[in-house]
Amino acid sequence: QSAQGWLYGKAAPLQVGAELQAPLPTSPSLSGAHLEAVAPLSRQNWAVAVTESVPVGLYALRINKEGAIHFLFVSRRWLEMLRLSREEVFADSAQAFERIHPEDAEAFQRTWQASAATSKRLLWEGRLLVEGTPSWVRIEGIPQRQADGSSLWQGVMSDITEPKQREIDL
């Protein structure tokens with residue numbers, strides 16, 4: 001499963017990311033009534049509700065010109081795949097990358113760097129190792145260079161463990 005295009009909305013200025021860092025309800029079912037109780041209904045609230053309920057993990061991050069990585073948004077499903085909390089991710093972005101299987105980390109790093117250098121789409125399949133349990137994921141992302149030398153990345157992480165297991169079994 002993957003997503004592409006403006007299904008969830010077009011790229012937004014950096015300050016929007018700060019607004020999305022507020023803790024969100026993690027209920028699998030986010031109804032309009034529930035959202036209304038949390039915050040006034042708005043187009044942005046509905047967009048957040050959609051991102052919180054899709055079966056793929058969504059993320060947005062910023063890499064400053066010095067190379068420091070800061071997550072701007074991570075969806076509930078993304079957090080579930082990595083078994084991290086929003087607080088952990090926003091406090092220490094490196095924790096997310098530490099979940100990449102040690103045998104796949106170098107390949108991920110090469111793919112990520114090539115995508116960043118060329119500003120072309122990132123597409124990588126590999127393993128996560130979370131709490132001793134491996135799983136397969138497909139990570140996709142689109143880098144967007146900013147005037148200040150930083151880059152914004154918006155992307156999707158999909159759990160592809162079952163198809164990979166069938167492929168391996170063949």
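Trainee: Among contacts between residues at least 6 apart in sequence, what share joins residues at least 24 apart?
Mentor: In the protein chain of this predicted model, 49% of those contacts join residues at least 24 apart.

Trainee: Is V156 buried or exposed?
Mentor: V156 has a relative accessible area of 6%, under the 20% cut-off, so V156 is buried.

Trainee: Stepping back, how many helices and strands are there?
Mentor: The protein chain has 8 helices and 5 strands. Along the sequence they run α-α-α-β-β-α-α-α-α-β-β-β-α.

Trainee: And how much of the chain is buried?
Mentor: Of the 170 residues in the protein chain, 38% are buried. The accessible surface comes to about 9,900 Å², and carbon and sulfur atoms account for 54% of that surface.

Trainee: What about confidence? What is the average pLDDT?
Mentor: The average for the protein chain is 79, and 68% of the residues score at least 70.

Trainee: Where is confidence lowest, and where is it highest?
Mentor: Lowest is helix α2, residues 32-38, with a mean of 46. Highest is strand β3, residues 122-130, at 96. Over residues 16-36 the pLDDT is below 50, and that stretch has 30 contacts in the model beyond near neighbours in sequence.

Trainee: Is R127 buried or exposed?
Mentor: R127 counts as buried, because its relative accessibility is 18% and the cut-off for buried is under 20%.

Trainee: Which residues is R127 in contact with, leaving aside neighbours within four places?
Mentor: R127 is in contact with R99, I100, H101, E103, D104, S135 and W136.

Trainee: W136 again: which charged end sits over its ring?
Mentor: The charged end of K164 does, 5.0 Å from the centre of the W136 ring.

Trainee: Is E162 buried or exposed?
Mentor: E162 counts as exposed, because its relative accessibility is 61% and the cut-off for exposed is over 50%.

Trainee: New topic, aromatics. How many aromatic pairs does the structure hold?
Mentor: The structure holds 7 aromatic pairs. In one of them, F71 and W78 have ring centres 5.1 Å apart and planes at 55°, so the pair is tilted.

Trainee: Are F71 and W78 buried or exposed?
Mentor: F71 is buried, with a relative accessible area of 5%. W78 is buried too, at 4%.

Trainee: Which residues do the ring pairs link into a cluster?
Mentor: The cluster links F71, W78, F97, F108, W112, W124 and W153.

Definitions and conventions: Residues numbered from 1 in each chain as written. Predicted model: local features only at pLDDT ≥ 70, side-chain atom pairs only at ≥ 80, totals over all residues. Heavy atoms only, no water. Helix = DSSP H or I, 4+ residues; strand = E, 2+ residues; numbered from the N terminus. Buried < 20%, exposed > 50% of the residue type's maximum accessible area, 1.4 Å probe, protein only. Contact = heavy atoms within 4.5 Å. Areas by Shrake-Rupley, 256 points an atom, 1.4 Å probe, with all protein chains shown as cover. pLDDT = per-residue confidence, 0-100. Phe/Tyr/Trp six-rings, centres within 6.5 Å; stacked < 30°, edge-to-face > 60°. Lys NZ or Arg CZ within 6 Å of the ring centre and 35° of its normal.
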